[in-house]
Amino acid sequence: MTSRIVAVRSAFPAHRYPQDELAKAYAAIAKGLRPTQRVLVERLYANAEVATRHTVLPVGEYAALAALADQGAALANDRYIEEATALGERALRSALAGAGLAASEVDLLIVTSVTGVAVPSLDARLIPRLGLRPDIKRLPVFGLGCVAGAAGLARLHDYLLAWPGHVAALLAVELCTLTVPWKKVTTADLVASALFGDGAAAVVAAGETAGGRAGGTASARFPQVIATRSEVYPDSTDTLGWRLGADGFRIVLTAELAEVVERRLNGSVTAFLGDHGLTVDDIGSWICHPGGPKVLDAAQRALKLPDSALTASRRSLSEAGNMSSVSVLHILELTAGEDSPPPGSFGLMIGLGPGVSAELLLLRW
């Protein structure tokens, strides 16, 4: 059995800046940067392969958060709840319209986010705003980080295998710029500040027997989910993640991330495809999380892919930065655009995140 994706829509904050402008703003706002760190800011931002990024606040408002360092984490999280709910509503409302569905027809809502904390969770806040049923099944996901977009879609698929007559939705919303630290800055902080952007994306999918409940001619652009695989790589838990400090989230990021991807990804992908009688050569479209240039390069080397295979991933990185869990869904939307893959062709979605973990989804158009 399979599930079928019937709509994917991204939504972005109104504020969008060129990368060089963001570099100048960060260097001006961050407190106590050493001269060597200021030089490093210029180099990291220039080499991130990011042209533009969206920010949930105008650049000038981040200075106010930095100035209130002792209260910054609480203030930033308050803004996260407000802005993530609004942006998530836009993305999910757009996806439902694309699927030709009323909100009341959704049976399950999964929401992934790792850039803020909300209790009640974002899904509960969206029920009255969107007109979702009060008895909707819902699953808020925190802690999977960048891999959560792919993992959320995989768990949505699992649900639709059990409930093939149902319709389910996935919302990923990340406001990464609200987590950027402005004092006692580390090299990892600088790398993160150069890569991450804000955005949201929503997917609507239907089970195999949902019939005419969702979709239409537009849904033909999107693939079926055939199978999924999850894997956590041992002894890499300290490679990527969050550490909660007095001033909020601080990123844990080491140079070993690209090395783990290059060393382990091929084995995961080869085994997964082999279970379905396929090889890397059978995959026509690659939807790979753009963790950064080094991670994409490592994935490309590991799988021996041509440059063209990761065009959509690099385009997403250039246009919007690394949006954590949102990015693979944005890349799926780009892939299913005007020149969508031919019917019958296979695709592979690759999510990468803390653990270090990988989530693989076999798709067929």
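1. Helices and strands here are DSSP runs, numbered from the N terminus; a helix needs at least four residues and a strand at least two. On that count the protein chain has eleven helices and 13 strands. Note that this is a predicted model.

2. Start with overall shape. The protein chain has 365 residues, and a compact globule with that count would have a radius of gyration near 21 Å. The chain has 20 Å, which agrees. Its C-alpha trace spans about 60 × 50 × 35 Å along the principal axes.

3. Next, the inside. Of the 365 residues in the protein chain, 58% are buried. Take the contacts with a separation of 6 or more: 80% of them link residues 24 or more positions apart.

4. The accessible surface of the protein chain is about 14,500 Å². Carbon and sulfur atoms hold 56% of that surface. As for charge, the chain carries 33 positive and 36 negative charges.

5. Look at helix α1, residues 19-29. Which of its residues are buried? They are Gln19, Leu22, Ala23, Ala25, Tyr26, Ala27 and Ile29. An α-helix has 3.6 residues a turn, so residues three or four places apart point the same way. What do the buried residues of α1 pack against? Their partners are β2 (15-18), α2, β3, α3 (59-67) and α7 (187-195).

6. Check the cysteines. A disulfide is a covalent bond between the sulfur atoms of two cysteines. The cut-off used is a pair of cysteine sulfur atoms within 2.5 Å. How many disulfides does this rule give? The count is zero. Cys176 is in no disulfide, and the nearest cysteine sulfur, that of Cys146, is 7.3 Å away. Cys176 has 5% relative accessibility, so this residue counts as buried. Cys288 is in no disulfide either; for this residue the nearest cysteine sulfur is again that of Cys146, 12 Å away. Cys288 is buried too, with a relative accessible area of 2%. The cut-off for buried is under 20% relative accessible area.

7. Turn to the backbone. Most residues other than glycine have a negative phi, and most peptide bonds are trans. Some places in this chain deserve a second look on both counts.

8. Cis peptide bonds come next. One joins Val119 and Pro120, with omega about 5°. Pro120 sits in the loop between β4 (108-112) and α5 (122-130). Another cis bond joins Gly355 and Val356, where omega is about -20°. Where is Val356? This residue lies in the loop between β12 (346-353) and β13 (357-364).

9. Then positive phi. Glu49 is not glycine, yet its phi is near 60°. This residue is in the loop between α2 (35-46) and β3 (52-55). Glu49 has a relative accessible area of 39%, so it is partly exposed. Lys304 is a further case, with phi near 55°. Its loop runs between α9 (293-303) and α10 (311-320). Is Lys304 buried or exposed? Lys304 is exposed, with a relative accessible area of 72%. Exposed means over 50%.

Key: Residues are numbered from 1 along each chain as its sequence is written. This is a predicted model: local features need pLDDT of at least 70, side-chain atom pairs count only at pLDDT 80 or more; totals for chains, interfaces and linings use all residues. Side-chain values use heavy atoms; hydrogens and water are left out. Buried means under 20% relative accessible area, exposed over 50%, partly exposed in between (1.4 Å probe, protein chains only). The radius of gyration is taken over C-alpha atoms; the globule rule is 2.2 Å times the number of residues to the power 0.38. Contact means heavy atoms within 4.5 Å. Accessible areas come from the Shrake-Rupley method with a 1.4 Å probe; for residues, only the protein chains shown count as cover. Lys and Arg count as positive and Asp and Glu as negative; His and the chain ends are not counted. The place of a charge is taken as NZ of Lys, CZ of Arg, CG of Asp or CD of Glu.
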